[in-house]
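Here are my notes on this one, point by point. Have the model open while you go through them.

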Amino acid sequence: MSDRYSEDINDVHVSIPDGDELDAKHHPDDFVDVVLPLRVVYEGPRSTSVYSIGQEKHQRRSTGAGAHERQLSVLDPHSDRVSTILVWEHLTVCTRESRHKELFGRLKSYKNYVPKRKCLLNNVSGAIAGGLWAVMGPSGSGKSTLLNTLACRLDVNTIVQGEMRLNGMEYDNAELKRIAGYVMQDDLLNGSLTVEETLRYTAELRLPRTFTDKERFARVEEVLGDMGITHVRNVIVGTPMKKGISGGERKRLCVGMQLLNRPQLLFLDEPTSGLDSVTALDLLKTFHALAHGKSQEKAVTIVCSIHQPQSKIFNLFDSLILLKAGIIVYQGPRKQAMETFRAAGFPCPLYTNPADHLLDVITPPKINLSGEESEVVLSLEEQAAIDSAIIAAQEPIEIDLNLGANKRLAQMADLPKNPVWHKQVRILLRRNFQEQLRQSRIILTSLIQTVVVAVLIGTAFLQIGTTQTSTVRRQPVLFFCAINQGVFGALMVINSFPVERALTLRERASGTYLASAYFTAKITADTLSQIPVPIVFSCTVYFLVGLQPVAGKFFIFMSLIILCSLASTSLALMISALCKTADMSVTVLPMALEVTRLFGGYFLSPANLPGYFSWLDALSYAKYTYVGLSLNELSGLELSCKGATSNATCIHNGETTIKSLGFDYIDIGGCVGTLLAFIIFCRCVAYLGVRFLKH
């Protein structure tokens, strides 16, 4: 056997996972029959697609080959180690303007309107089958677009043409997210939870419902060890205001969350972004070990989009897809890329990073800044000729859309079912309470603030009594109580959904939980943490002001204040869910609060309200709170004539005030019912916003 052939075999054995080494007892003919296809993959003169190589090997395999032989190469799509094969053909992705802009454009230009389109991927074809893949290219080449397209995570304003097959069948996001994971470039996590808590909650939500708590915790421990983050298990993730784990540890945690349910396919968008070279290399070594796992059940195909890796990172990849301006310039084994570029007339110079060389060839400098003759600025025609030469140096790619169809039954047979809805609610409720417990300063501050404001109101209207002077002080204090608790409740939750929006969308896209489960747990936790505020306020204000000392009236007062707080909270939740961003929410909320204050029944009482504003009056939660509080306090109230200028001007009881202000058109029960209806309506609209407004 020649020295060159021995070197080829060494290269082959480097890529074979531990535990899958060839048995020395095999017959020599079997040994050669297995190794030759691997030699073609890594050392052949021309680039050959992974899927065509797999077909060649499948045809040459002897009928007596055992399962051990079939598992030798993770790059062979027919190997038992590869459970998921992703194939795409003639894939074209374009962006378009939003629908309302296109509608306005059509109305403006009518028949002359031409929709604006920008092509992100232009008629690309390929396949992914086993191992660690790199999707490389300059900025704007379409790396993230390709990943998002294959993962069914494109924006709504995109147009996709072509065919994509998962193990021989068309697929959608609902199916893919049950067997695949996706780690975005930016790390969105719950900053107040620790690393272990983050993984445990994810395990409870994503692992099959048949798992016991012991099995879930064992899987968490396994992932902590595999990702090398055991040493920071009790450290909080951290927020911009509070230091937590490092950037590399955050990235490992994000990957670990996806690995909990052992996906068959894992997409990683720019995993080394923002990391130093040592941390990035360590992270990619972890990915390489995962892609070449010893056990078949833990083997995962990993696809990374990466811009310009160092040579040590580049050498860890098994296969490469090189993109430029939405087209695939090269795809195939990573080791064959240099040979392909050499055959096209662009050999890699000594001591040059191969990844740098690949990108330098396909993206030469546009402007000669140095003035040196060696840096020649190429024309578009010359660069197109270079790209054509590289593509011509590769064998034509033959796509088989049915590739992997024999694996589909095994792939889809035992797909786990997520926990049932009510269990998701309980888990998310615990997580929300734990987050609020870590932010106890906010709750404590709101309670102190409530007591301070209640004392100020109580002392400003201290013991108003039952004289004639109390009639001009009673209505303002009741109205101010309604407005104060409404504003407090709204401001406490206005940022609830916008702050968590990006994180919840990502968790829902990964199939972690249902939108309804998240919404139910969120509003339940917020409501339970909010209720103590109006209770403390009522207990302080009621007795300081000196309202009627009747137990029944006190509890009605407290109930109306609680309903007022919940109504304003519901209004704020609806606004935040529909506006989607915190900036827009805090812009719209003040207008809504001012409208409810103006038509709250104090400045314009029902008896003096203009008819054309009756609809705004009916929508104001503050009015029903104020009217309910007034009916509760004024009914049965006996007033003395002390302080009256004459007997004719003396108001003897509260019923007189009720009639003069027009509060008798509704009773307390009607106010309570209307507030409940307002709360339910606003929260239903908020849920629809959370559920359907995703972008």
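**Notes on the model**

1. About 190 Å³ of space lies in the largest cavity. The structure is a predicted model, so local features need pLDDT of at least 70 and side-chain atom pairs count only at pLDDT 80 or more, while totals for chains, interfaces and linings use all residues. Residues are numbered from 1 along each chain as its sequence is written, and side-chain values use heavy atoms, with hydrogens and water left out.

2. On the terms: a cavity is a set of points on a 1 Å grid, over the protein atoms alone, where a 1.4 Å probe fits but cannot get out; a pocket is an open set with protein on both sides within 12 Å along at least five of seven lines; lining residues have an atom within 4 Å of a point. Grid points are joined across faces, edges and corners, and a volume is the space filled by probe spheres set on the points.

3. Back to that cavity. There are 13 cavities of 30 Å³ or more in the structure. The largest cavity has 17 lining residues, with Leu188, Met257, Gln258, Arg506 and Ser510 nearest its centre. Two or more lining residues come from each of β5, α8, α10 (247-259) and α20; helices (H or I, at least four residues) and strands (E, at least two) are DSSP runs, numbered from the N terminus. The lining splits into eight nonpolar, four polar and five charged residues, where Ala, Val, Leu, Ile, Met, Phe, Trp, Tyr, Cys and Pro are nonpolar, Asp, Glu, Lys and Arg charged, and the others, Gly among them, polar.

4. Now the largest pocket, at about 1100 Å³. It is lined by 34 residues, and Gln439, Ile442, Val499, Glu500 and Lys522 lie nearest its centre. Helices α17 (421-438), α18 (440-460), α19 (471-493), α20 (496-509) and α21 (515-530) each give two or more residues to this lining. By class, the pocket lining has 14 nonpolar, 15 polar and five charged residues.

5. Have a look at the open sheet, with three strands in the order β2-β1-β4 and antiparallel pairing (two strands pair if DSSP finds at least two bridges between them). β2 (117-128) and β4 (158-166) are at the edges with a single partner strand each, so one side of each has no neighbour in the sheet. The twist averages 10° from one strand to the next. Eight bridges join β1 (residues 86-96) to β4, and Cys94 has Ile159 in β4 as its bridge partner.

6. Helix α6 (residues 143-150) lies across β1, β2 and β4, at about 115° to β1. Axes here are lines fitted to C-alpha atoms, for helices over the stretch in contact, and angles run from 0 to 180 degrees between N-to-C directions. Contact means heavy atoms within 4.5 Å.

7. Gln485 sits in helix α19 and is buried, at 1% relative accessible area; buried means under 20%, exposed over 50%, partly exposed in between (1.4 Å probe, protein chains only). Beyond its neighbours within four places in sequence, Gln485 contacts Val533, Pro534, Phe537, Ile561, Ser565 and Ser568. Leu193, in the loop between β5 (180-183) and α8 (195-206), is also buried, with 1% relative accessibility.

8. For the whole protein, I'd note 28 helices and nine strands, with 52% of the 695 residues buried.
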